[in-house]
Amino acid sequence: MADLIPAGSASHATPAQRRQRNEWLALALGLLLLTAALAFVIWEDRASTGERERNRLQTQARVIEENLVRQLQAVDSVLIGMRTELNAQQAGNQVIDADKEARRLKSLSDAMPGVRALYVVDRHGLVLMAEQKNLIGRDARERLYFTTVRDHPDDALVYVSPPYLSIRGNYVINLSKSVTGTDGRFAGIATAVLDQSYFEILARSVVYAPDMSVSLSHADGQVFLITPSYARAVGTSQNAAGSPFTRHRESGTAAAVYEETAEDNRQPRMLALRSVTPPMLHLDKPLVITVARPLSGIYAAWREQAMVYAFFWCLLLVTAALALFFHQARRRALAAAETAVQAAQRETAQRLELAMQSGNIGLLDWHLPSGRVILNPLGHALLGRAADAPPLAAPEWEALRHPEDAAEVAAVQAALLRCEFQTADLEYRVRHAAGHHIYIHMRAEVVARDAADRPLRLVGIFRDVSARKQTEAALADALALQRRTGELARVGGWELDLPDGVPVWTDEVYRIYDMDAHDDGHRPLSLTQALDGYAAKDRARLESALQHAIEDGQPWDMELPMTTVLGRRIWVRSRCEVVRHDGRPRRLVGTIQDTTERMTVQLELERANARLAELSLTDGLTGVANRRRFDQAIAGEWPRSVRQQLPVALLMIDIDHFKAFNDALGHQSGDACLRDVAHILARCAWRPGELLARYGGEEFCILLPGSTTQDALVVAQRCLDRLEQARIPHPASPRSPSSPEAAWLTISIGLASMVPRLGSLPDALVERADTALYQAKRKGRARLECASDPGEDDAMATPLDAQPPLD
Ligand SMILES: Nc1nc2c(ncn2[C@@H]2O[C@H](COP(=O)(O)OP(=O)(O)OP(=O)(O)O)[C@@H](O)[C@H]2O)c(=O)[nH]1
């Protein structure tokens, strides 16, 4: 407890410590009062217990006395009767009939359970009459019960002898009455021997507790009987100086109660002593009844009760002390917690103030009943007012609102005051002290209402968001510009957060896909939906590119055809850039551009160019390759043949007498003839790489890469044969009209084949074929001439395993 009541003077103690100490003092005082009350009750209880016991002991003593007195009265009556009988006999000088007297005394003693024997002693101390005849003549001269009466005879008295040891070995008391003879002198005594056992039964009958003791003593102090039986005490004297017995006897009172410590067992006890002095008996010395009980027995129940009281008192003491201790501990804990909360609140308030300062946040406290609007210094500063400017009146504050925003702000404020919502967030313009307007963001809340739920205080925090508003406006303009340019360029944008983000598309993407950007059925557009319009091959390309972008951070740029949701076939250019974070792909940003117009034009152009290229290499009349195509072909074959040392063969073919044909049949027929010849020749060289070309005018050539002279001879012969078989009429042929075959168109062929050497030119082969053709013409036409170059040709001869197709 020492730690609960702090040391030191009261002036140094805190109020809480003083309160604690006072509580302990109050508890101690309360417990002290309770203890005093309890002690008083216990003491009263003990006193009443003692008093009750005192009364009970006295009552029991009185009960014994009453019984004893009755016995003594009976004995007294018997003794008076015996004396009267004796006097009568002596007066009549009658001889005493011993037997008769013995029977009579016997019957009298039997009638009195407390009397053991009755007898009469003559003046000489000899037994004169007795219920037992053997006692007659016995000497009683030395007995106190005789000598006492003899020495002070008084007929009115009943003499009570001190207890003495009888011849039976037990203590007895004699009650005697003096007998006066006819001569007026002492004539003897009539005496009764009281039986100790009877009185012992009487004594036991009043015992109500096992620890009680009852004794009957002679007035001189000798104990006559005691119960419970305590043989050693019988016959002893109690009249020691200062003993309860002595004090009682000396007090002269009939009854008294004492407390003393027993000499035998040293136990304190209570004794009720009562002197038996019935007024009608005139005992010479009273008998004294003692009823005793040890205090331990008397107060056993009280002690138990007191122990119960003491136990509950201790319990109450401990409980009260613990209750107060824990109550104070809890209060200290609560106080500590409250202190901590207050500290935390102070810190929070400081942080809030700091945050408001660092965040440039103004505070508004509007007391609605008075209409006072209090701003903190920062709030004033935001509005361009002095930091210590006085509070505003409500109309002044409302007048600061921009006219265009005032209605909306007033509506929100009214709804807030009507409790339609807890907190209001709004942005509006207020007039700065410098005259311009600033945008503020205000968050307001009603923080106090009266019992009728009417608002009392409106608190708001606000900050200047003009810069953000300007930025937002600029951003909105930029976005609008971006949207317009996107629409013009038909470029849509998209973004995808990795790894599991939902793609975000600009409206232009939806427009490109023929979707309604504001139709919930289309929005948001998933990646899968975005890929649905592509053909399987292109979709696979895009999915592969997407995977590489996600996994490896590779960008893509590809142009693909697709079909919109309306079935429109378009071209789009899909581009994607990867935004990395910590070296890993984090976001994909891409564009989708509708390139249909450009791609249409480009494809048209490509097709036109291809056609143009084809036309530039094709002979317009016959449809076979033209001279340019032939030059490209031989220029391409030549280096390969040089590298591989393979032969190249060339057939130069010229229609015979074609001028005459034209002249005879007309130029258009000549053209038709040229087409027919080209068609026939085209069917004579079909292997890959073999090329038929119109070399010029009515002259054709067939390039045969990899062919030896022998190979080329086969082709050349095939050409001659096929043309001959075609039997194209040539009515103007200068050949002899007699010749039947002269009417048909013929051709002459010059053949050359060579393995080109390094450094040689294709012109050499053309020149040699041309020379051979010239030889064929010179030798009469309609024939084949071969430019000989045996050294190279023979070595490269190859078997003729390919046969021309059947017509
Ligand atoms: N119809 C037509 N005639 C052509 C064409 N190109 C060339 N010719 C004619 O072919 C003729 C060639 O005549 P020449 O060079 O004298 O040869 P030729 O008459 O066939 O006599 P040889 O070659 O010696 O048998 C000329 O009359 C040309 O006008 C063409 O594209 N169409």
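## Helix α3

This is a predicted model. Helix α3 covers residues 144-151, and its buried residues are Tyr145, Phe146, Thr147 and Val149. These buried residues pack against five strands: β1 (115-122), β3 (159-160), β4 (164-165), β5 (171-180) and β6 (186-194).

## Helix α5

Helix α5 spans residues 244-251. Which of its residues are buried? They are Pro244, Phe245, Thr246 and His248.

The packing partners of the buried α5 residues are strands too. They are β7 (213-218), β9 (255-261), β10 (268-276) and β11 (287-294). After α5 comes Gly252. The phi of Gly252 is positive, near 75°.

## Helix α1 against α2

Two packed helices are described by the angle between their axes and the distance between the axes. Helix α1 runs over residues 15-91, and helix α2 over residues 98-111. Their axes come within 11 Å and cross at roughly 165°. An angle over 145 degrees counts as roughly antiparallel, so α1 and α2 are roughly antiparallel to each other. Their crossing is right-handed.

On the α1 side, the contact is made by Val78, Met82, Glu85 and Gln89. Helix α2 supplies Glu101, Arg104, Leu105 and Leu108. By type, the residues of this contact are four nonpolar, one polar and three charged.

## Helix α1 against α4

Helix α1 also packs with helix α4, residues 196-205. Here the angle is about 150°, and the axes lie 10 Å apart. How are α1 and α4 oriented to each other? They are roughly antiparallel, because their angle is over the 145 degrees that sets this class. The crossing of α1 and α4 is right-handed.

From α1, the residues in this contact are Ile64, Asn67, Leu68 and Gln71. They meet Tyr198, Phe199, Leu202 and Ala203 of α4. This contact has six nonpolar residues, two polar ones and no charged ones.

## Annotated transmembrane regions

An unreviewed UniProt entry places the feature "transmembrane region" at residues 24-43 and 306-326. What does the model show at residues 24-43? The span is 100% helix and 0% strand. Its end C-alpha atoms lie 27 Å apart.

Residues 306-326 are likewise 100% helix and 0% strand. The end C-alpha atoms of this stretch are 29 Å apart.

Technical notes:
Residues numbered from 1 in each chain as written. Predicted model: local features only at pLDDT ≥ 70, side-chain atom pairs only at ≥ 80, totals over all residues. Heavy atoms only, no water. Buried < 20%, exposed > 50% of the residue type's maximum accessible area, 1.4 Å probe, protein only. Helix = DSSP H or I, 4+ residues; strand = E, 2+ residues; numbered from the N terminus. Contact = heavy atoms within 4.5 Å. UniProt positions renumbered as here; feature names shortened; annotations may be inferred. Axes fitted to C-alpha atoms, helices over the stretch in contact; angles between N-to-C directions. Parallel < 35°, antiparallel > 145°, perpendicular 65-115°, else oblique. Left-handed = near helix turned anticlockwise from the far one by under 90°. Nonpolar A, V, L, I, M, F, W, Y, C, P; charged D, E, K, R; others polar.
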